[in-house]
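Biologist: Here is a model to talk through. Shall we go over its side-chain pairs and its pocket?

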Amino acid sequence: MNPISKKMGLQPDILDGATIVKTYGDEYAIIENYKSIIEYTEETIKLQGKHVKILVCGNNLCIESFEPDECRVCGKINDISLIRF
């Protein structure tokens, strides 16, 4: 967490651009603050975040919508991993 965010009591995504992953059961996920789509198949969706890569694995995956700061993934989600670099 950014020291300024911590001192001001702000969530890390506000100043740091942290990637946020919200899941809704195993059929829907929203990834906020992503930069780009790295890989896109029915079994794997890999996104580039500012500080991490996000790997969504499952079956019949699709990107329902993507905007400059939000990507919506749907399908049967089995696993979501964050890969730090």
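What follows is a set of questions and answers on this predicted model.

Biologist: How many salt bridges does the structure hold?
Modeller: Side chains of opposite charge can pair when their charged atoms come close. In this predicted model, K22 pairs with E32, D26 with K76, and R72 with E70. The number of salt bridges is 3.

Biologist: Which parts of the chain does the pair of K22 and E32 tie together?
Modeller: The closest N and O atoms of K22 and E32 are 3.0 Å apart. The two residues are 10 residues apart in sequence. K22 lies in residues 20-24 and E32 in residues 28-32, so the pair ties together strand 1 and strand 2.

Biologist: How many residues apart are D26 and K76?
Modeller: Their side chains meet in a salt bridge, at 2.6 Å from N to O. D26 sits in the loop between strand 1 and strand 2, while K76 is in strand 6, residues 70-84. D26 is partly exposed at 30% relative accessibility, and K76 is partly exposed at 36%. The pair links distant parts of the chain, and the separation is 50 residues.

Biologist: What is the relative accessibility of R72?
Modeller: R72 forms a salt bridge with E70, with the closest N and O atoms 3.0 Å apart. R72 counts as partly exposed, and its value is 26%.

Biologist: Where is Q48, and is Q48 buried or exposed?
Modeller: Q48 is in strand 4, residues 44-49. Beyond its neighbours within four places in sequence, its contacts include Y34, K35, K53 and F85.

Biologist: How far apart in space are Q48 and I37, C-alpha to C-alpha?
Modeller: In sequence, Q48 and I37 are 11 residues apart. Among the residues in contact with Q48 are S36 and I38. From C-alpha to C-alpha, Q48 and I37 are separated by 6.3 Å.

Biologist: How many residues lining the largest pocket are charged?
Modeller: About 160 Å³ of space lies in this pocket. Its lining is A18, T19, H51, V52, L82 and R84. Of these residues, 3 are nonpolar and 2 are polar. Arg counts as charged, and the number of charged residues is 1.

Terms used
Residues numbered from 1 in each chain as written. Predicted model: local features only at pLDDT ≥ 70, side-chain atom pairs only at ≥ 80, totals over all residues. Heavy atoms only, no water. 1 Å grid on protein atoms, 1.4 Å probe; cavity = no way out; pocket = protein on both sides within 12 Å on 5 of 7 lines; lining within 4 Å. Points joined across faces, edges and corners; volume = space filled by probe spheres on them. Salt bridge = Lys/Arg side-chain N within 4 Å of Asp/Glu carboxyl O. Helix = DSSP H or I, 4+ residues; strand = E, 2+ residues; numbered from the N terminus. Buried < 20%, exposed > 50% of the residue type's maximum accessible area, 1.4 Å probe, protein only. Contact = heavy atoms within 4.5 Å.
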